[in-house]
Amino acid sequence: MAFLEGIVLAGGLGTRLRSVLPDLPKCLAPIAGAPFLSYLLTYLARQGVRRVVLALGYKADIIQSWVQNRSWPFKIQFAVENTPLGTGGAIQNAWPLTTTPHVLVVNGDTFCPAHLSEFYQAHLHKRADISLVSVPVSPADRYGTLHLSSDGWVQTFEEKRPCPTGWINAGLYLISRTWWEKQTFPAAFSWEAYLQNALLSPQPPKIYAHRLPDTPFIDIGIPEDYDRAQTYLPAHF
């Protein structure tokens, strides 16, 4: 895999975890005694990522202090937003710190152990503007699902609805710099909502879903997944 940089979206408030996480940003939620972010950064290092930009907002100083007091196998930089920018605005704020032709973007509160080299090769092979990792979940009621073509192109992002099973967005993206830098974005926006609307535009981006049928997915913002992470993550690191 070529030299790859990653943006980690770690500015979330963690409101759904406030009962168990009153004083910490969500990415530092303790998982078997270690912050969730430590597992995520270890995963990225093992997958060959060579530079990481942490997109921070809520309690950024606590995260910065935690990172700076530890050693890491790659360079970590910080892009701190002074006012909430949404996930899309956070990517835009961090983007100038990246240089590679394709940039990995990872949610800082979910975990999906995709093989990034395979994801990267699929992204290049498809010549996609944006690629995302997709996994099946059952039931899929609490997530928006993806409507995909037979060869993996995202047709639409479906809203949350009662759904016994479905392919969902697992929160890992590869974004082409060529595509990104041709766009005009607002200062603050939701990346997920932007993609949903962009597919309805006259010139929609080419969004490829790299489907991983047997790969787990954990969203620590959901209390039951947070509990599941306490045993799953330590067993795999």
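Guide: Let us begin with a contact, defined as heavy atoms within 4.5 Å. Neighbours within four places in sequence being left aside, Thr-110 is in contact with Phe-36, Leu-40, Ala-170, Phe-217, Ile-218 and Asp-219. Thr-110 belongs to strand E7, residues 110-111; strands (E, at least two residues) and helices (H or I, at least four) are DSSP runs numbered from the N terminus. The model is predicted: local features need pLDDT of at least 70 and side-chain atom pairs count only at pLDDT 80 or more, while totals for chains, interfaces and linings use all residues. Residues are numbered from 1 along each chain as its sequence is written, and side-chain values use heavy atoms, with hydrogens and water left out.

Visitor: Is Thr-110 buried or exposed?

Guide: Buried means under 20% relative accessible area, exposed over 50%, and partly exposed in between, with a 1.4 Å probe and protein chains only. Thr-110 has a relative accessible area of 7% and is therefore buried.

Visitor: How is strand pairing read, and which strands pair with E8?

Guide: Two strands pair if DSSP finds at least two bridges between them. E8 runs antiparallel to strand E11 (residues 166-176), joined by seven bridges; there, Ile-130 stands opposite Ile-175. With strand E12 (residues 207-211), E8 pairs in the parallel sense over five bridges, and Ser-131 has Tyr-208 as its bridge partner in E12. Seven of the eight residues of E8 are buried.

Visitor: What counts as a salt bridge, and how many are there?

Guide: The criterion is a side-chain nitrogen of Lys or Arg within 4 Å of a carboxyl oxygen of Asp or Glu. By this rule the count is six. One of them joins Arg-142 to Glu-224, with the closest N and O atoms 3.0 Å apart. Arg-142 lies in the loop between E8 and strand E9 (145-148) and Glu-224 in helix H7, so this pair ties together parts 82 residues apart in sequence.

Visitor: Which other salt bridge does Arg-142 make with its side chain?

Guide: Arg-142 also meets Asp-225, at 3.0 Å from N to O. That pair again links distant parts of the chain, the loop between E8 and E9 and helix H7, 83 residues apart. Asp-225 in turn forms a salt bridge with Arg-228, at 3.4 Å from N to O. Through shared partners, Arg-142, Glu-224, Asp-225 and Arg-228 are joined into one network.

Visitor: How do Asp-225 and Arg-228 sit relative to each other in helix H7?

Guide: An α-helix has 3.6 residues a turn, so residues three or four places apart point the same way. Asp-225 and Arg-228 are three residues apart, about one turn of helix H7. Asp-225 is buried, at 4% relative accessible area, whereas Arg-228 is partly exposed at 35%.

Visitor: Finally, how is a pocket read, and what lines the second largest pocket?

Guide: On a 1 Å grid over the protein atoms alone, a pocket is an open set of points where a 1.4 Å probe fits, with protein on both sides within 12 Å along at least five of seven lines; lining residues have an atom within 4 Å of a point. The second largest pocket has 14 lining residues, and Val-137, Arg-142, Tyr-143, Phe-217 and Arg-228 lie nearest its centre. Strand E8 (130-137) and helix H7 (223-235) are the elements that give two or more residues to this lining, and E8 gives the most, with three.
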